[in-house]
Number of protein chains: 2
Amino acid sequence: MAVGKETFGVMHPVKGFRLGTAQAHVKKPNRRDLVLMEAAGGSSIAGTFTKNAFCAAPVTLCKGNLQALSGYSENPILLITNTGYANAGTGEKGLTNAKAVCSALAEQTGSVQSNVFPFSTGVIGEPLPVERIVKGLPDCIASLSEQGWDDAAHGIMTTDTRPKGVSVQLELAGSTVTISGISKGAGMIKPNMATMLGYVATDAKVAPELLQRLASEATQASFNSITVDSDTSTNDSCMLVATGQSGAEITEQNADVFAQFKAALMDVFLQLAHAIVRDGEGATKFVAVEVGGALSVDEAREVAYTIAHSPLVKTALFASDPNWGRILAAVGRAPIDNLDVTGVSVALNGVMIAEQGAVASSYTEAAGAAEMQKEEITIQVKLGRGDASATIWTTDFSYDYVKINADYRS
Amino acid sequence: MAVGKETFGVMHPVKGFRLGTAQAHVKKPNRRDLVLMEAAGGSSIAGTFTKNAFCAAPVTLCKGNLQALSGYSENPILLITNTGYANAGTGEKGLTNAKAVCSALAEQTGSVQSNVFPFSTGVIGEPLPVERIVKGLPDCIASLSEQGWDDAAHGIMTTDTRPKGVSVQLELAGSTVTISGISKGAGMIKPNMATMLGYVATDAKVAPELLQRLASEATQASFNSITVDSDTSTNDSCMLVATGQSGAEITEQNADVFAQFKAALMDVFLQLAHAIVRDGEGATKFVAVEVGGALSVDEAREVAYTIAHSPLVKTALFASDPNWGRILAAVGRAPIDNLDVTGVSVALNGVMIAEQGAVASSYTEAAGAAEMQKEEITIQVKLGRGDASATIWTTDFSYDYVKINADYRS
């Protein structure tokens, strides 16, 4: 089950970026579960990663590689992703296993380990089946193609019910620039970041330092602003690659081109993040929580997350019950100081339900119920104490969420 | 559904403390939904209340009364509790309505408003049906009795599946001292405090200032250390009354008697708090999360709450799945600085599952699964960075939790 129609559209190839997949039987037979991506020599690379202290072995290796390369390589960069096993909570053995996969791939492609970035997603704590993954590498290599986006989007899925991909093209400085990206994730989705993997590639030319800043900013406004179940994964990684093969160069000095490119990039990230929420485990609603009138963006985010994480708000959303008292209660327990509730107002899709801290005089249960029936709901909260605002996207909490997560390992 | 057998036992009367109930049809017909308690003149009274900024109108009035009385009254103190409506998020009208109930009760009993403490629990945001409640007061008054504990325990229930009461007697300084208490609450249960009401009475004599300190300390270790769903209610209140009619006086100077009394009081609070968790909405497990080796008690509580609130940990508990990776992931995302995961160990009911940040060499899936099957589970986490510890009690997350909270208002 997912909210809204599938948005996976035409994926435009990105010059210099190839993708290959294999059925490696990593955990289950007969499914694409191993995905290789290759950025041609001369590419810049940037990344953002989970802040979970128990970060997975592949995350540790990726961070090291990024540093070793200083975000740029004259030689091809390889990204290898397996599903089935997260290779997290696996200690030293986990690092050894991840390195074994990278080493085998480097050998088979004539590359070096610092150019091989590993990614894993799946069950935490169980050892990575290195042998099965290594056996799948030749099929991945053989199928590398700039047309490989669709297969790759399927290959990185776990509890996802549908592939997630966004692709845009724009004319910049006389060249056609493509930005294409795929993501995965449906549960353990929470700030900083989600159980999510995201890969975005562009054929624009972007210097490593600028690319990293763009990646960080786009991640904060997208993948770090969504939550399904408040659990932050050990494996979250989002990579941004720029091959430079379109001929268009992006610099801050060329302000107009920069602004257009950045807007398109932010949009790709945001759409990929929204796709994860729409496919949230058991989701029946797509919910934006907009908090305004805060003293700071952090404060607005705290309040929005408190609402978005409240099991009582989420079950009311599932039931299409305009139980706005639960929203007020969540606002009231958010970790902010000296909230004057008489300044607080709450609206649902623009229908005012509470103002000055109590039910709005214009509110009717019928009007609230009509909005709660919808698949797409915006909860608008105004705190009345400042000018800062923030939006967090989330889902409801359904029987299916419990079912999916109670059954996941079986 | 609730975990463990019903613990409601013999409730010893407390001299000078009477309880009466009525069927006032506050929200639904044919159930006890209005409860009056009366502490005889000469009683001390103390209380702890929700920290939710949207605290309900009755909470505001109770706090005012407590201050006005300075915790002691020569005249009887009345506590009136209705279920059905929380009278929260109701603004000025809510205060007016709560006062109207208190005023009517004061008039019918020859009391004054500052001696009448109101309590409400139920749906947030809808107006209190003052007329129906006032009509029920005469039955409450007529049924006042020191034997009224059982009826009162039933009368304050909402989504509770069973009454919650604890009563102990002890010999102190030649007198028999009784401590009896009842509580309610099953959802919106989270630190500071729960959607819970607690009333504990003793016939010991305790000075107001000392009584308030004892109430605060006992609340912190009990009602403020439980969580069902991470939602803090607008109405939480816990009252502690000492009538003094047993003849035994409790002072800190008499250290031995004080220690015995305090231990018994703490135990009553803790048992009442545990009863709420055992009856948590949809609960099938009773879970203690013990975190040790922390730098501070606050840090230990943060980690314990992060585990106890994790939907993924809670659904794994429901599924009896020893998915310990989810516990590690929760520890890793807890808001504490510079956690060295190689110092972290996790055990389930004493069975070591992770040590040095990875799966324990002695661990077997069969051993983990055997413990997860049990109704009572202790998750023991050691952070390896200090000497502080804390325990938080919680439940699992089941289909029934979603069902109860998606259907609550209908």
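The contact between the two chains takes 51 residues from chain B and 50 residues from chain A, where contact means heavy atoms within 4.5 Å. This is a predicted model, in which local features need pLDDT of at least 70 and side-chain atom pairs count only at pLDDT 80 or more, while totals for chains, interfaces and linings use all residues. Residues are numbered from 1 along each chain as its sequence is written, chains are lettered from A in the order in which they are written, and side-chain values use heavy atoms, with hydrogens and water left out.

How much area is buried between chain B and chain A? About 4,200 Å², with carbon and sulfur atoms giving 62% of it; buried area here is the accessible area (1.4 Å probe) that two parts lose on being put together, summed over both. Salt bridges between chain B and chain A number 0, a salt bridge being a side-chain nitrogen of Lys or Arg within 4 Å of a carboxyl oxygen of Asp or Glu. Polar contacts do turn up, with 4 residue pairs between chain B and chain A (both at pLDDT 80 or more). A polar contact is a pair of N or O atoms within 3.5 Å; within protein, one must be able to donate a hydrogen and the other to accept it, and residues adjacent in sequence count only if both atoms are side-chain atoms.

On the side of chain B that touches chain A, the elements giving two or more residues are helix H8 (311-318), helix H9 (324-333), strand S17 (358-359) and helix H11 (399-407) of chain B. Helices (H or I, at least four residues) and strands (E, at least two) are DSSP runs, numbered from the N terminus. H9(B) brings the largest share of that side, 8 residues.

Now for how the copies are arranged. The same surface serves both copies, as 98% of the contact residues of chain B recur in chain A.

Chain A itself is divided into domain 1 (17-278) and domain 2 (286-394), with bounds that come from an automatic or database domain assignment. Taken over C-alpha atoms, the centres of these two domains of chain A are 34 Å apart. Between them, domain 1 and domain 2 of chain A bury about 1,000 Å², 56% of it on carbon and sulfur atoms. In domain 1 of chain A, A:Ser225, A:Thr227 and A:Arg278 lose the most area to domain 2 of chain A, together 44% of what that side buries.

What links the two domains of chain A? The count is 1 salt bridge: A:Glu376 pairs with A:Arg278, the closest N and O atoms being 2.5 Å apart. There are also 6 residue pairs in polar contact across this domain interface of chain A (both at pLDDT 80 or more).
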